[in-house]
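Work through the exercises below with the model open beside you. Try each task before reading its solution.

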Amino acid sequence: MQAIIYYIRQLQRLSGVKLYLNLLGMVISSLLESSAILLLVPMLGMAGLQLGGTGAAYNLPVLGFISELPQTSALGLVLGAYVFIVLCQNLISRFVAVRNVEIQQSYSRQLRYEVYSALLRAEWSFFLKKRTSDLINIMTTEMARVLAGISCFLQFLTSLLFTLVQIAFAFWLSPKMTLAVLVCAVLLSLFSRRFIRKAKKLGSRSSLLGQMYLAGISDQLNGIKDIKSNNLEQSRLDWLHEFTGEVKNEQLDYTRLRSNSQLLYKMSSTLLIAVFIFVSFRFLHAEGPNLLLVILVFARLWPTFATLQSLMEQLASVLPSFKQLKQLEEECLQAAEQGTSDGSGMPVEAITLKQSLEARNVHFRYQPQEPQYSLQGVNVTIPANRMTAIVGRSGAGKSTLVDLLMGLMQPESGDILADGKPITGERLLSYRRSIGYVAQDPFLYNATIRDNLTMIKPDASEEELWEALEFASSADFVRRLPQGLDTLIGDRGIRLSGGERQRLVLARAIIRKPSILVLDEATSALDTENEKRIQEALDRLKHSVTLIVIAHRLSTIRGADQILVIDQGRVIQQGVFGGLASDKGGMFSRLLSSQEEAM
Ligand SMILES: Nc1ncnc2c1ncn2[C@@H]1O[C@H](COP(=O)(O)OP(=O)(O)OP(=O)(O)O)[C@@H](O)[C@H]1O
């Protein structure tokens, strides 16, 4: 319940007086609705219309003048008043409905924005621990359930107010009977508490199933090539078949629960009304309008209890979603990077690295509770405007070192310094803006080539775009495409070859003219000719940009100004290509020989 209150408070803060005005509108609307129907009976009685039995039993002093009018005028007046009240009620409820949507949609927008910005501000290590599909699930399905839950809560509040108004009316017309109805309602609600508990449990199961479904489907669609090439289609379909069976059962359980509770309310309503009529008629000797009133009061009051019960069950079923969203927000807050937003929305100026980038006695491990360090006691200096290559066996710690150098993660102990200053706090974002990065597995957005490039530099001119493409040896293939720069490249750039993707990502990385360019195996998918062209371009670049290159193919780093050899999280060798190659007992020479043998 705490989580719901937290989000409702947010809604209250955002909507302010509008929310209260709407609630007031709802009260007035329900007041008018009640009065329209409940007052019709006594008003008609006063107008002299005999409804059987003894006629008007409830004299309303304020409306006493009606009985003095001629019958036709009185009837016209009463019916006119009835139409007027209904019109006002409908106009108010129309206004309230539109305002409700406005309030809810503004809140939905704000909530999505807040959660997503908290997510984007979380540090990289947060994402390493999270499953992407779980985050997508929270941002889509669970978020939608939370918003539906908020709407449900507002409906609950409206129904509650409506019920209170109905009770007040009913009490005014027949206190005894209202008390009797209330006692029955309280007893029934005590009995119905187990429905709410069960709805909460089913809500958790539904959330879990949704999470599992998204995780399964995303995994499989990401690995669709593997599924097709290994003929795994049937096994995946079997998984889906089994899974949808569980979803079906869960939905059936939920429907059973809701219809059971509604059945209980409907049956008790029928039973109670029969008892009330019998008692009123047999023992209280009520007739005509009195009996009609008994039915009216009961028929209007009881469904509101049933609605309240149904809304409470719905709320209980979305409670787990509220908890999940709140937990995600809290985790993001805990994992927030320092200095990544000053809240002003002002563009951050990139820094220019002038002297060096330095790792000083850096220790790092992914799981603080485990003894194994991915990096230990690393001391390196990367001179500005030079090319530094990082090599080592698989799992040696190359990517970890580069992630730390890029400020994506913070060392457990030790420092990362840019021109002697730590890249933490306020400096982190401007430092990050000075970096261009090309990953081992190049990522492109499902958009046009132009969009992919301008995403990094929105104000890039046509000339700058082609210059970057030329640099990355991509201009030729882009020119050959039917729509050139405006060609759509598909999901993750699937319509391009691996090498074309890599060159495009390189073009994107350099379009912002970064001070530091990090290439993680960036030329692995290139043919010899393109690799040579990129090597030449990098050689030209290396005097104006600080280049950090992770390389498996050692032939690509002959021109590096410095090579760092890493093994088991430590820098074990450091030097230039020739020097390291001639150290025959060293790791570099062993890596070189094994590559030469493989060729
Ligand atoms: N997200 C992670 N969680 C836990 N351990 C990790 C994680 N990423 C890497 N490691 C571990 O840290 C060590 C260094 O990994 P790293 O990715 O830096 O190696 P690498 O030299 O870049 O390897 P490769 O050349 O295969 O990419 C490895 O032992 C690896 O298992």
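Two ground rules come first. Residues are numbered from 1 along each chain as its sequence is written. The model is predicted, so local features need pLDDT of at least 70, side-chain atom pairs count only at pLDDT 80 or more, and totals for chains, interfaces and linings use all residues.

**Exercise 1. Describe how helix α1 packs against helix α4.**

Step 1: find the helices. α1 covers residues 2-15 and α4 covers residues 71-121. Helices (H or I, at least four residues) and strands (E, at least two) are DSSP runs, numbered from the N terminus.

Step 2: take the geometry. The two axes come within 10 Å and cross at roughly 110°. Axes are lines fitted to C-alpha atoms, for helices over the stretch in contact, and angles run from 0 to 180 degrees between N-to-C directions.

Step 3: name the arrangement. α1 and α4 are therefore roughly perpendicular. The cut-offs are under 35 degrees for roughly parallel, over 145 for roughly antiparallel, 65 to 115 for roughly perpendicular, and oblique for the rest. The crossing of α1 and α4 is right-handed. Left-handed means that the near helix is turned anticlockwise from the far one by less than a right angle; right-handed means clockwise.

Step 4: list the contact. Leu11, Leu14 and Ser15 of α1 meet Ile103, Ser106, Tyr107 and Gln110 of α4. Contact means C-beta atoms, placed from the backbone, within 7 Å. By class, this contact holds four nonpolar, three polar and no charged residues. Ala, Val, Leu, Ile, Met, Phe, Trp, Tyr, Cys and Pro count as nonpolar, Asp, Glu, Lys and Arg as charged, and the others, Gly among them, as polar.

**Exercise 2. Are α4 and α6 roughly parallel or antiparallel to each other?**

Step 1: α6 spans residues 132-173. Its angle with α4 is about 150°, and the axes lie 11 Å apart.

Step 2: α4 and α6 are therefore roughly antiparallel. Their crossing is right-handed.

Step 3: check the residues. Among those in contact are Tyr107, Val115 and Leu119 of α4, with Met139, Leu147 and Leu154 of α6. The contact divides into ten nonpolar, four polar and one charged.

**Exercise 3. Characterise the pair α8 and α10.**

Step 1: α8 is residues 193-222 and α10 is residues 233-282. Their axes come within 10 Å and cross at roughly 160°.

Step 2: the two helices are therefore roughly antiparallel. This crossing is left-handed.

Step 3: the contact includes Phe195, Leu202 and Tyr213 of α8, and Trp239, Phe243 and Leu257 of α10. Its classes are ten nonpolar, four polar and six charged.

**Exercise 4. In what order do the strands of the six-stranded sheet run?**

Step 1: the order is β6-β7-β8-β3-β9-β10, in an open sheet with mixed pairing. Two strands pair if DSSP finds at least two bridges between them.

Step 2: find the edges. These are β6 (435-438) and β10 (570-575), each pairing on one side only. Neighbouring strands are turned by 15° against each other on average, direction ignored.

Step 3: β9 (residues 562-567) pairs with β10 in the antiparallel sense over five bridges. Asp567 stands opposite Arg570 of β10. Helix α12 packs on this sheet, touching β3 (387-392), β7 (516-520), β8 (546-550) and β9, and its direction makes about 155° with that of β8. Helix α17 (residues 498-510) also packs here, touching β6 and β7.

**Exercise 5. Which strands stand at the edges of the four-stranded sheet?**

Step 1: the order is β2-β1-β4-β5, with antiparallel pairing in an open sheet.

Step 2: β2 (375-383) and β5 (421-422) are the edges. Each has a single partner strand, so one side of each lacks a neighbour in the sheet.

Step 3: β1 (residues 356-364) and β4 (residues 413-418) are joined by five bridges. Glu358 stands opposite Leu417 of β4. α12 packs on this sheet, touching β1, β2 and β4.

Technical notes:
Contact = placed C-beta atoms within 7 Å.
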